[in-house]
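Look at the structure first, then read on.

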Amino acid sequence: MKKEFKIGLLVTVALALLVWGVNFLKGNNLFSQNKVYYAVYDHVDGLVAANPIIIRGTKVGQVSSVKFNNTNFNQIVVGLTFHEDVPLNENSIARIMSADLLG
């Protein structure tokens with residue numbers, strides 16, 4: 001193999017590991033099939049991306065995004081990514097609750 005091919009292969013592998021590592025540190029898994037749901041709130045009070053989603057004491061996902069609504073800036077759209085296959089009904093309610101002792 002030529003020297004240029006080896007360098008190109010090394011750079012390609014390094015870039016792939018960099019992309020995977022950054023996503024791993026952000027809490028995203030590139031090789032899983034996650035379901036994303038969106039909820040609209042008036043107040044999120046300290047909610048940030050990467051906060052855990054907990055159902056009955058078990059972590060089943062995380063908050064993927066927190067953004068203002070494009071049409072109504074008084075509302076906030078929160079992306080909820082579920083890592084596991086959680087059965088949710090159409091009338092399910094996602095509540096924001098503080099898990100710390102002072103909240």
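Met-1 sits in the segment before α1 (3–26); helices (H or I, at least four residues) and strands (E, at least two) are DSSP runs, numbered from the N terminus. The model is predicted: local features need pLDDT of at least 70, side-chain atom pairs count only at pLDDT 80 or more, and totals for chains, interfaces and linings use all residues. Residues are numbered from 1 along each chain as its sequence is written, and side-chain values use heavy atoms, with hydrogens and water left out.

**Exposure of Met-1**
- Met-1 counts as exposed because its relative accessibility is 72%.
- Buried means under 20% relative accessible area, exposed over 50%, and partly exposed in between (1.4 Å probe, protein chains only).

**Aromatic pairs**
- The whole structure holds two aromatic pairs.
- Trp-20 and Phe-24 are stacked, at 5.3 Å centre to centre and 15° between the planes.
- Rings of Phe, Tyr and Trp (its six-membered ring) pair if their centres lie within 6.5 Å; planes under 30 degrees apart count as stacked, over 60 as edge-to-face and the rest as tilted.
- Trp-20 and Phe-24 are four residues apart in helix α1, so about one helical turn separates them.
- Trp-20 is partly exposed at 39% relative accessibility, while Phe-24 is exposed at 53%.
- Tyr-37 and Phe-82 form an edge-to-face pair, with 5.6 Å centre to centre and 75° between the planes.
- Tyr-37 is in strand β1 (residues 35–41) and Phe-82 in strand β4 (residues 76–82), so this pair ties together parts 45 residues apart in sequence.
- Tyr-37 is partly exposed at 35% relative accessible area, whereas Phe-82 is buried at 7%.
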